[in-house]
Amino acid sequence: MLYHLLVPLSEYHIVFNLFRFQTFRAAGAVVTAFLVAFYFGPAIIRRLRMLKVGQVVRTEGPKTHLGKSGTPTMGGVLIVLATLIPTLLWARLDNAYTAAAMVVLLWLSALGFMDDYLKVVRKKTEGLVGRYKIVGQVSIGLLLGIALVLFPFSDVPATWTQIPFFKSWHVEFAPVVYVLFVVFVMTAFSNAVNLTDGLDGLATGLSGIAAATFGVFAYILGRVDSADYLNLFHLPGAGELAIFCVALAGGCMGFLWFNAHPAEVFMGDTGSLAIGGVLAAVSVMLKAEFLLVIIGGVFVAETASVAAQTLYYKWTKRRTGTGRRIFRMAPLHHHFEQIGWHESKVIIRFWIAGIVCAMLAFATLKIR
């Protein structure tokens with residue numbers, strides 16, 4: 001919005017030229033995201049407490065978590081608010097990348113809100129029926145995949161995607177396969193962040209790291225000079241997506257102020273489904289779906305631990321009559337709690353792993 005309002009004024013004063021630069025507007029978006037989170041956070045938490053929107057803790061989980069029962073949840077609305085307001089203020093509103101990202105964020109946050117609402121207000125422990133949740137995730141994946149095929153955002157063929165570490169190779173999908181691939185990536189990663197959201201600040205910190213990393217890649221891919229120099233796809237307009245990404249990172253960091261251990265509020269599915277889905281959508285629009293596996297390595301490991309635990313348990317039960325486990329408890333963060341790591345230690349070490357994943361992703365820019 002500020003771009004459209006103030007850039008035309010540059011003919012009267014040079015200071016308004018600042019709003020042409022994506023780096024300046026990205027910095028403004030981060031600061032705005034922090035301020036929005038800090039300003040609205042206490043009011044939203046008070047409101048959630050008044051409505052008695054408390055977290056339901058499952059008895060089969062770690063016993064140390066029982067004390068968290070009743071902590072306000074659905075705090076993901078604060079992250080969404082702290083992402084959308086800066087994006088609307090600082091990004092170009094005529095940009096397809098940011099528009100698509102905002103639609104995905106709103107869609108999946110609404111889906112997560114329904115899930116949280118059923119859990120904490122209607123007292124349905126399982127929340128939204130699993131198949132309905134999947135339908136909601138698949139639907140937005142289909143919409144984005146079809147939109148990219150029918151209305152490409154750049155001159156790079158919509159069905160192409162880049163392969164990390166290789167400068168001359170890329171994958172080219174058939175249109176139908178590509179749409180299904182987009183659906184899989186978005187659904188899988190949305191659920192991956194949801195599975196990781198089990199400790200105070202764990203998913204929030206990791207999401208902020210991943211969003212900031214994608215912000216850098218969006219900026220690089222949006223510039224013809226840097227994209228050509230690094231042998232990457234040049235995606236005109238993708239630089240505006242960097243503003244959305246850093247706004248999301250700022251929103252996550254602002255929310256972390258209230259979500260850090262011991263948490264005053266949880267993001268709930270309202271936040272986790274939306275963040276996971278929109279990070280996947282960003283990777284799709286940047287043609288960096290395989291890079292998502294690296295940047296979101298901790299999320300991938302958490303999901304893999306659940307899949308491995310479930311499959312191994314069923315396999316051993318079928319063969320021996322008694323199910324066995326690989327981990328003491330899945331997802332992976334609970335396993336480390338069970339072997340004696342304090343919750344704070346698990347969180348900090350997983351954040352460190354997330355930073356390492358981000359550094360590895362940056363290494364792919366030169367190791368090609």
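There are 5 salt bridges in this structure, where a salt bridge is a side-chain nitrogen of Lys or Arg within 4 Å of a carboxyl oxygen of Asp or Glu. The model is a predicted one, so local features need pLDDT of at least 70, side-chain atom pairs count only at pLDDT 80 or more, and totals for chains, interfaces and linings use all residues. Residues are numbered from 1 along each chain as its sequence is written, and side-chain values use heavy atoms, with hydrogens and water left out.

One of the salt bridges joins Arg-25 and Glu-240, with the closest N and O atoms 2.7 Å apart. Arg-25 sits in helix H2 (residues 22-50) and Glu-240 in helix H9 (residues 239-259), so this pair links distant parts of the chain, 215 residues apart. Helices here are DSSP runs of H or I with at least four residues, numbered from the N terminus. Both Arg-25 and Glu-240 are buried; buried means under 20% relative accessible area, exposed means over 50%, and partly exposed is in between, with a 1.4 Å probe and protein chains only.

Next, Lys-133. Its side chain meets that of Asp-115 in a salt bridge, 3.2 Å from N to O. Asp-115 is in helix H4 (residues 96-120) and Lys-133 in helix H5 (residues 130-150), so the pair ties together parts 18 residues apart in sequence. Asp-115 counts as buried because its relative accessibility is 0%. Lys-133, at 14%, also counts as buried.

Lys-133 has a salt bridge with Asp-269 as well, at 3.6 Å, N to O. Asp-269 lies in helix H10 (residues 268-285), so this pair ties H10 to H5 across 136 residues of sequence. Asp-269 is buried, at 6% relative accessibility. Through shared partners, Asp-115, Lys-133 and Asp-269 form one network of salt bridges.

Now the second largest pocket. A pocket is an open set of points on a 1 Å grid over the protein atoms alone, where a 1.4 Å probe fits, with protein on both sides within 12 Å along at least five of seven lines; lining residues have an atom within 4 Å of a point. What is its volume? About 280 Å³, taken as the space filled by probe spheres set on the points. Helices H6 (175-196), H11 (289-295) and H12 (297-320) each give two or more residues to the lining. The largest share, 6 residues, comes from H6. The lining includes Phe-181, Phe-184, Glu-289 and Thr-303. By class, the lining has 10 nonpolar, 1 polar and 1 charged residues.

Conventions. Ala, Val, Leu, Ile, Met, Phe, Trp, Tyr, Cys and Pro count as nonpolar, Asp, Glu, Lys and Arg as charged, and the others, Gly among them, as polar.
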